[in-house]
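Me: Hi! Could you walk me through this one, starting from the overall layout?

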Amino acid sequence: MGKELLKTEGGDTLLLLGNEAIVRGTLEGGVRFVTCYPGTPSSEAPDTFFRLSQGAPYYFEYSVNEKVALEVAGGATLAGLPSLCTMKHVGVNVAADPLMTLAYVSAPGGLVLLSADDPGCHSSQNEQDNRIYARLGGLPCFEPATAQECKDMARDAMLLSRKLETPVLLRTTTRVNHVRGPVVTGDLPATPYEKPFVKDPAKYVPLPASARVMHKRLRAILDGLVAEADASPYNVESGAGELGFISSGVSRNYLSDVLEEEGLVGKVRLLELGMTYPLPENRIAAFLAACKKVLIVEELEPVLENEIRALAQTRGIEVEILGKSEHLPRLGEFSTANVRQAVRAFVGQPAAVVDALTVPGDLPRRPPNLCAGCPHRAAYYAVREVYGDTAVYSSDIGCYTLGFLPPFRAADFLLCMGSSISTGAGFARASGKPVVAFIGDSTFFHSGITGLIDAVAYKHDVLIVILDNRTTAMTGHQPNPGVDTTIFGENPNPVDLMALIRACGVEPVKVNPLNHKATLAALTELSKQTGPRVLVAEYPCPIHARRVGQAKKTLPARVAGDPAACLTVRDNLACPAFAMVDGQFTINAEQCDGCMFCVQLSPDLKPGKKEAK
Amino acid sequence: MTRARIFFTGVGGQGTLTATTLLARTALDAGLPVTSGEIHGMAQRGGVVESTLLVGGYKSAIIAPGEADVILGFELLETLRALPMLKRGGFVVGNSEALQPVGVCLGRECYPPLEAVLETAKGFAAQVVLVPCISLAEQAGTAKAANTVLLGAAAACGALPFSVADLTRSIEKYLKPKLVDVNLKALALGAEAAKAGQAA
């Protein structure tokens, strides 16, 4: 999706990804400042802003982590610019510290925080429900369900934030970020919004005395917003009868399709919520009073369910409220299938019988794998050669987490972004065992560096291997502070990783992991030492290098000798370019990246030859 | 066909998502309500890519087991794996050629034969059409157009609410000019192969 997202006049129908629709929506809301840390399922939102950023009416940055992103955006809104900060759900944990005070300090220019949650853990380490952060931090919350709503709610979240001068949460889930549908655009604002800063420390500096006042102000804003939520066009009631359904976010889609297919449209009462915090209390109370029995349909935590139960009790409404405990799971994603069973049970129909094929359970799996030519494969191979199973491997968040799989089994535990060094340090201190901590370059800048500082300060006995592939590969090759080149040109001021590590108090060793002999020698030497040690294994991600035009054309490796003699290499590297054809080991020339790591491990493998012409 | 749930499955890098978007644009141009879903992230590293296209007024972009009117399988094993999604009387249009997962290459797992797809779907699906998408795409000019071969096959055997002519227009309208010719060739080869398969 290109420049049409920046078009000033609206009225077009565009086929947009939810994340692209959010970009258009915030532009329609006048956004002028965008910060982020990438992460699936949020990444296409900032990536789209980045792609369009040249000559666009906003500033954009990939911040070093989510806390910094929110703080930078916080500064921008204080300076009076409508701002957007995007991240995935677990990123909000990193940003939680500034977030908890942000609504106290206020957002004069407007500030929207996009939190992309991941029910079902499609690409995440947990499935936390960030609607709870809206409650914890005091942020009005919107929950879109379609591409059109992503656009509309992003705009209205921005406008509401500007009006109230308070930050607003736009909470999506994977299926919403990655939905694709038609979106009718609106106009972009004719005049840029700004609100000049007037010094007023009592208003913006949360010393205890002023923080107490700010908290009171925030609660007043939220209380005042109940009327706004009651009247919100995103909170829609339909149907009739004594049976009622209340739903929010993507669950509304499943419920809507099920009600239609079960012939229940119009025969039951339906309250769909798009603006969910503060709760539209009067609207909900009236709805409950009209029903005998209500089913709350929401993914993950029983957030609405608990609040609506409390509301019924407070208002003395006699109604049966059902939800998680009775009908719907608290774990994983919803679908029309499980919502259908819940709806049928609720209206007193027998369970639906699913008529579907079964396939053999022992089909070969296709787990994600380190790519052909990935330098991490070579680094893992060398570490395994030196340490085998004697070391404990502390892992981190990135492509290299895939080293978890055999044959490398190079991940024994993992907590979160940036944790490998510090968790590894703690494990080493507690167990006395050798620990190797793996971390990527982007993750090191994100929050690994504080672990290194701690390891130096307390002489933790840990070998840190920084897998520096010169990009943030996992989330789609976004730049990080250390890279030389981005897809848009040179980085004039790359942070010198080696100098940074040195400044922390460790003399790092740098190798090219694809040079097996040198890497093995460096690791063997480091394995004899104690205390915090750092090996920087630097080689560019081949996919990224190809994209930015830095990769040299190399010929694929080939089997030059006995294919049977190469099977150990096959088993130890599990490179996706390897294949078995008619029972013989071979290298798929289409897949091979030409990294030439495998040829260093067997005399029967050789670099490709130029074809004779 | 007024409403259809179409399930796409393949391996990262095969152009599954590009094909999904092309069909979504075709639906939109035909004035049909459309919603589509895709899962990104881990998939790009040789994992499974699944996407959905729902035409005719569905709101949710997920397809549950037994709900898909059509399965478009860009890789043979993934087509087999996706068969539980199929609705009784639905269409299966797939690539007959394999991309070995790493476990198969390592000799730990066995790749299922082509017949496994046919055997499993027989009596449940209205039609199962498997065409050699990669070979035909190479014949058209590039293996990368295998996704378009599959779309051609699907349209020709009546699995989609669109004709080969509709897809021709979309390719001309939405693909980069230098990719149009090779994809039109791929589309035609896919359509021919599907028709020949039906006749056989």
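Me: What should I keep in mind before reading any values?
Reply: This is a predicted model, with local features needing pLDDT of at least 70 and side-chain atom pairs counting only at pLDDT 80 or more, while totals for chains, interfaces and linings use all residues; side-chain values use heavy atoms, with hydrogens and water left out. Residues are numbered from 1 along each chain as its sequence is written, and chains are lettered from A and ligands numbered from 1 in the order in which they are written.

Me: Thanks! How is chain A divided?
Reply: Into domain 1 (3-231), domain 2 (235-347), domain 3 (375-548) and domain 4 (557-607), with bounds from an automatic or database domain assignment.

Me: And how far apart are the centres of domains 1 and 3 of chain A?
Reply: Over C-alpha atoms, 33 Å separate them. Their contact (heavy atoms within 4.5 Å) takes 14 residues from domain 1 of chain A and 13 residues from domain 3 of chain A.

Me: What area is buried between those two domains?
Reply: About 1,100 Å², with carbon and sulfur atoms giving 64%. Buried area is the accessible area (1.4 Å probe) that two parts lose on being put together, summed over both.

Me: How many salt bridges are there between them?
Reply: Zero between domain 1 and domain 3 of chain A, where a salt bridge is a side-chain nitrogen of Lys or Arg within 4 Å of a carboxyl oxygen of Asp or Glu.

Me: Switching to the chains, how many residues of chain B and chain A are in contact?
Reply: 56 residues of chain B are in contact with 51 residues of chain A. The two chains bury about 4,700 Å² between them, 58% of it on carbon and sulfur atoms.

Me: How many salt bridges does the rule find across that interface?
Reply: Seven, between chain B and chain A. One of the salt bridges joins the side chains of Asp355(A) and Arg88(B), at 2.7 Å, N to O.
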